[in-house]
Amino acid sequence: MIEILSPTELGRARQTGALVADILQTLKSRTRVGTNLLDIDRWAQEMIADAGAQSCYVDYAPSFGRGPFGHYICTSVNDAVLHGLPHDYALADGDLLTLDIAVLLGGVAADSAVSFLVGDARPPESVAMIDATERALAAGIAAARPGARIGDLSHAIGTVLSEAGYPINTEFGGHGIGSTMHQDPHVTNTGRPGRGYTLRPGLLLALEPWVMVDTDELVTDADGWTLRSATGCRTAHSEHTIAITDDGAEILTLPR
């Protein structure tokens, strides 16, 4: 299903995106060495409830997970890159943490993720990898405009990631979003320009470049949800929800 939002629905999407951005920024600012992943999940639950919103994750039960997810945010640490199930773990100095959250407010969903290093340690390889995903996200957004094709966005994202030297997995990537969290079209993190669905004003997309240092192969954790790098290398993930407008792409989950 591909949804095209009305101007009224787009206004609601802006509110949802602002909420998601605020939650992520608050969680990032509260996270430090010693913070437990279960505390982050509890904080997310409280902020979603306080806003009168609904979690897109807690009851989520797709075919690739051992559902329902049962938590309010994905907390992926170091070699975990996607769908990190919150568990009893206290973050250490230098841990690479990805927070990924999606909520529904006013009938419209928004989805965003941020990777960052906890504490004072700054391993150069991790800094470079986070930067690459952020630059790839910016390139994908810059390519998003009415009349462009999904392949144009995938190509822009993949060019940045490939030039930075990272293997690219195409099993999981960006996606359409609207009244539900995951919709068509699928947006792979590499692709051929001029191919795929033609972008129209009112379309919402969640773009999410993610990479692993030295592999494109994933393994599923014993928890049935967390996806990790097959080699145990570190990973990073950046994501924004954007709206296609007459003037180009509007980032709905940009922190204020």
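Let's start with a pair of helices: α1 passes α2 in a right-handed crossing. Bear in mind throughout that this is a predicted model. Two packed helices are described by the angle between their axes and the distance between those axes. Here, the axes of α1 and α2 (residues 37-50) come within 11 Å and cross at roughly 145 degrees.

Which residues in α1 and α2 meet? On the α1 side you'll find Ile23, Thr26, Leu27 and Arg30, and on the α2 side Ile40, Trp43, Ala44, Met47 and Ile48. Sorted by class, that contact has 7 nonpolar residues, 1 polar and 1 charged.

Now over to the strands, with β13 (residues 240-245) as the one to click on. Is β13 mostly covered or mostly uncovered? It is mostly covered, with 6 of its 6 residues buried. As a rule, the side chains in a regular strand alternate between the two faces of the sheet. In β13, His240, Ile242 and Ile244 sit on one side, while Thr241, Ala243 and Thr245 sit on the other, and all of them are buried. Both faces of this strand are therefore covered, given that buried means under 20% relative accessible area.

What does β13 pair with? Strand β8 (residues 204-207) runs antiparallel to β13, joined to it by 4 bridges. To see one such spot, look at Ala206, which stands opposite Thr241 in β13. β13 is also joined to β14 by 4 bridges, and that pair runs antiparallel too. There, Ala243 has Glu250 in β14 as its bridge partner. Getting from β13 to β14 takes a hairpin with 2 residues.

Next comes an open sheet of 3 strands, in the order β3-β11-β10 with antiparallel pairing. Its edge strands are β3 and β10 (218-220), each of which pairs on one side only. From one strand to the next, the twist averages 45 degrees. Zooming in on β10 and β11, you'll see 3 bridges joining the two antiparallel strands, and Val219 has Arg228 in β11 as its bridge partner.

How many salt bridges does the structure hold? The count is 7. In one of them, the side chains of Arg228 and Asp79 meet at 2.8 Å, N to O. Arg228 lies in β11 (residues 227-229) and Asp79 in the loop between β2 (74-77) and β3 (80-82), so this pair ties together parts that are 149 residues apart in sequence. Arg228 also forms a salt bridge with Asp221, where the closest N and O atoms are 2.7 Å apart. Asp221 itself counts as partly exposed, because its relative accessibility is 24%.

For the last stop, go back to α1. Arg256 forms a salt bridge with Asp22, and the closest N and O atoms are 2.1 Å apart. This pair links distant parts of the chain: Arg256 is in the segment after β14 (248-251) and Asp22 is in helix α1 (residues 7-30), 234 residues apart. Are the two partners buried or exposed? Arg256 is exposed, with a relative accessible area of 78%, whereas Asp22 is partly exposed, at 27%.

Key. Residues numbered from 1 in each chain as written. Predicted model: local features only at pLDDT ≥ 70, side-chain atom pairs only at ≥ 80, totals over all residues. Heavy atoms only, no water. Salt bridge = Lys/Arg side-chain N within 4 Å of Asp/Glu carboxyl O. Buried < 20%, exposed > 50% of the residue type's maximum accessible area, 1.4 Å probe, protein only. Pairing = 2+ DSSP bridges. Axes fitted to C-alpha atoms, helices over the stretch in contact; angles between N-to-C directions. Left-handed = near helix turned anticlockwise from the far one by under 90°. Contact = heavy atoms within 4.5 Å. Nonpolar A, V, L, I, M, F, W, Y, C, P; charged D, E, K, R; others polar.
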